[in-house]
Each structure stands twice: as C-alpha cells, then as structure tokens.
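Hello,

Here is the structure I promised to pass on. Please look through it, then read my notes below.

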Amino acid sequence: MSPFPDELERRCPRLGGPVRFAYCRTAAARGGVCPKILDCWWERFDVVSLMRKALSGEAFARLSQPHRPPNKVASLIDLIRQARERTGQAP
Ligand code: SF4
C-alpha cells in the first residue's frame, strides 16, 4: 500500500482546477515534487512529515525554502543597467 494519500483532491492554484495529491508529488520537471506541495497540503494532513520521510534531506530542504518571486524593482534596475551598458551611457 502506498504511503501517500494519492486520492486526496484539492484545487490547484496554478492550474485553476482540481488535482490529486498523486499529481502534486510528480508534477515538477522530471517527475519531481511540485515546489508548492507543503504550502498546498499542510491543512489537509501532515504533508511535512510525509515528505521529510519520502525525500532526501537535500530535496526536502529545497521544498522548505520559501518560494519568492523575483524582486520586480531589482529586476527593472538590472534591465536598465544592462541597457545602459549596451548603449554606452553612463549611469
Ligand atoms: S502542490 Fe503544486 S500541483 Fe499541487 S495543488 Fe499545489 S501548486 Fe498545484
């Protein structure tokens, strides 16, 4: 018997429709765990303990990192800097 509650279902904030846990634990590139799995499932069952047992220490540590979108202001400043470098303008 699988240790995973693969039949549990929830609405996926990325896809906008229902997905099963089985999908979430294989949704990432090369069949890996979706990086949002802890955020999405912690209210339904002890997903932290389950994934800690199922994954390597390194893989679990990556899941535990907060997933922040890139800072938009820093990205804009970097784009401006790159444009100035291309055109030879001083900052
Ligand atoms: S863990 Fe990933 S695939 Fe699953 S519901 Fe959350 S965002 Fe969607």
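Aromatic pairs come first. The model is predicted, and a search of the whole structure gives four of these pairs. In one of them, the ring centres of F21 and W41 lie 5.3 Å apart with the planes at 90°, so this pair is edge-to-face. The F21–W41 pair links distant parts of the chain. F21 sits in helix α1 and W41 in helix α2, 20 residues apart. F21 and W41 are buried.

W41 also pairs with F45. That pair is tilted, with 6.1 Å from centre to centre and 50° between the planes. F45 is buried, as is W41. Which residues make up the aromatic cluster? F4, F21, W41 and F45 form one cluster.

Next, the nonpolar core. In soluble globular proteins, nonpolar side chains tend to be buried together. Here the largest nonpolar core has 16 residues. F21, I37, L38, W41, V47 and M51 have the most contacts inside it. Helices α1, α2, α3 (47-54) and α4 each supply at least two residues of this core. Helix α2 gives the most, with four residues.

L38 is worth a look on screen. Leaving out residues up to four places away in sequence, L38 touches V47, V48, M51, F60, L63 and S64.

Salt bridges are next. Side chains of opposite charge can pair when their charged atoms come close. How many salt bridges does a search of the whole structure find? It finds five.

One of them joins R20 and E9, with the closest N and O atoms 3.8 Å apart. This pair links distant parts of the chain. R20 is in strand β2 (residues 18-20) and E9 in strand β1 (residues 9-11), eleven residues apart. R20 is partly exposed, with a relative accessible area of 42%. E9 is also partly exposed, at 42%.

D39 and K36 form a salt bridge too, with the closest N and O atoms 3.9 Å apart. D39 is partly exposed at 48% relative accessibility. K36 is partly exposed at 24%.

R62 and E58 meet in a salt bridge at 3.2 Å, N to O. They are four residues apart in helix α4 (residues 57-64), so about one helical turn separates them. E58 is exposed, with a relative accessible area of 57%. Finally, salt bridges that share partners join E7, E9 and R20 into one network.

Best wishes

How values were computed:
Residues numbered from 1 in each chain as written. Predicted model: local features only at pLDDT ≥ 70, side-chain atom pairs only at ≥ 80, totals over all residues. Heavy atoms only, no water. Phe/Tyr/Trp six-rings, centres within 6.5 Å; stacked < 30°, edge-to-face > 60°. Buried < 20%, exposed > 50% of the residue type's maximum accessible area, 1.4 Å probe, protein only. Salt bridge = Lys/Arg side-chain N within 4 Å of Asp/Glu carboxyl O. Core = buried A, V, L, I, M, F, W, Y, C linked by side-chain atoms within 4.5 Å. Contact = heavy atoms within 4.5 Å.
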